[in-house]
Every structure is written in structure tokens, then in C-alpha cells.
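Morning, everyone. Let me put the model on the screen, and then I'll walk through a few spots.

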Amino acid sequence: MDKLEEDRQRRLGIDRQRELYQENKDRIKELYFGEYVAVHDGEVFDHDTDYWNLQTRIFAGVRNKTAPIPIILEHVTEEEQRYTSWGF
């Protein structure tokens with residue numbers, strides 16, 4: 001797979017993660033309002049009140065993976081806000 005195809009696949013994976021986040025946002029908001037959440041496949045697998053602590057843990061946990069993993073980091077608020085999207 002060439003670099004352009006890898007980028008396209010990563011973008012598709014991240015877009016899908018955003019869709020799943022939106023589908024589950026009400027439930028996520030009830031549990032994690034005001035926090036930053038790491039989401040994969042519509043499920044929160046880590047959360048923190050400090051963005052940088054969360055980012056550091058997520059990066060440390062996936063940096064040795066051979067294939068990119070589409071993960072989004074969101075700040076759970078009332079507003080529609082995209083904080084960060086990654087394909088680790």
C-alpha cells in the first residue's frame with residue numbers, strides 16, 4: 001500500500017470513529033462530561049481531566065503498533081467540538 005492509500009485509509013477510519021462518537025455522545029456525555037476522552041469503535045477506553053496526560057498515555061500505549069489505529073480524542077462538552085483526531 002502506498003503512502004496516499006495509507007493516508008486515505010487512515011482518514012476513513014477517523015471519519016468512522018467520529019460517526020461512532022456522535023452516535024454514542026449522549027451516553028458518553030452522561031459519564032464523562034467535562035473530561036477528555038479517547039474513543040475507538042464508539043467506546044471510551046481512557047479519559048482524563050487533563051488533555052496532555054491522556055494524550056501521553058494513549059501515545060505510549062500504541063506507539064509500537066505496526067498498523068495505524070484510528071482514535072479520536074474529544075473534550076466532552078455541550079458544544080460540538082472536535083479536539084483531536086488521530087490514527088496512531
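Is Arg10 buried, partly exposed or exposed? Arg10 is partly exposed, at 24% relative accessible area. On the cut-offs: buried is under 20% relative accessible area, exposed is over 50%, and partly exposed is in between, with a 1.4 Å probe and protein chains only.

Some ground rules. This is a predicted model, so local features need pLDDT of at least 70 and side-chain atom pairs count only at pLDDT 80 or more, while totals for chains, interfaces and linings use all residues. Residues are numbered from 1 along each chain as its sequence is written, and side-chain values use heavy atoms, with hydrogens and water left out.

Back to Arg10. It lies in helix H1, residues 3–23. Helices (H or I, at least four residues) and strands (E, at least two) are DSSP runs, numbered from the N terminus. Arg10 and Ile69 are 59 residues apart in sequence, yet 8.0 Å apart in space, C-alpha to C-alpha.

Next, helix H2, residues 25–32. Its buried residues are Lys25, Ile28, Lys29 and Tyr32. Why do they sit on the same side of H2? Because they cover an arc of only 100° around the axis. That arc is taken from the directions from the helix axis to the C-beta atoms. The general rule: an α-helix has 3.6 residues a turn, so residues three or four places apart point the same way. On the other side of H2, Asp26, Glu30 and Leu31 are exposed. What covers the buried residues? The cover includes H1, E1 and strand E2, residues 43–48. Contact here means heavy atoms within 4.5 Å. After H2 comes Gly34, with a positive phi near 85°.

Another positive phi: Asp41, at about 55°, and Asp41 is not a glycine. Asp41 is in the loop between E1 and E2. It is partly exposed, with 48% relative accessible area.

Now the aromatics. How many aromatic pairs does a search of the whole structure find? Two. Rings of Phe, Tyr and Trp (its six-membered ring) pair if their centres lie within 6.5 Å; planes under 30 degrees apart are stacked, over 60 edge-to-face, and the rest tilted. Tyr36 and Tyr51 are edge-to-face, 5.6 Å centre to centre, with 65° between the planes. This pair links distant parts of the chain: Tyr36 is in strand E1 (36–40), Tyr51 is in helix H3 (51–62), and they are 15 residues apart. Tyr36 is buried at 13%. Tyr51 is buried too, at 7%. Tyr51 also pairs edge-to-face with Trp52, at 4.8 Å between centres and 80° between planes. Trp52, though, is exposed, at 55%. Tyr36, Tyr51 and Trp52 make one aromatic cluster.

Last stop, Thr77. Where is it? In the loop between strand E3 (70–75) and strand E4 (84–87). Thr77 is buried, at 10% relative accessible area. A polar atom of the Thr77 side chain lies 3.2 Å from the backbone oxygen of Glu79. Leaving aside neighbours within four places in sequence, Thr77 is in contact with Lys25, Lys29 and Phe33. Lys25 and Lys29 are among the buried residues of H2.

That's the tour. Over to you.

How values were computed:
A polar contact is a pair of N or O atoms within 3.5 Å; within protein, one must be able to donate a hydrogen and the other to accept it, and residues adjacent in sequence count only if both atoms are side-chain atoms.
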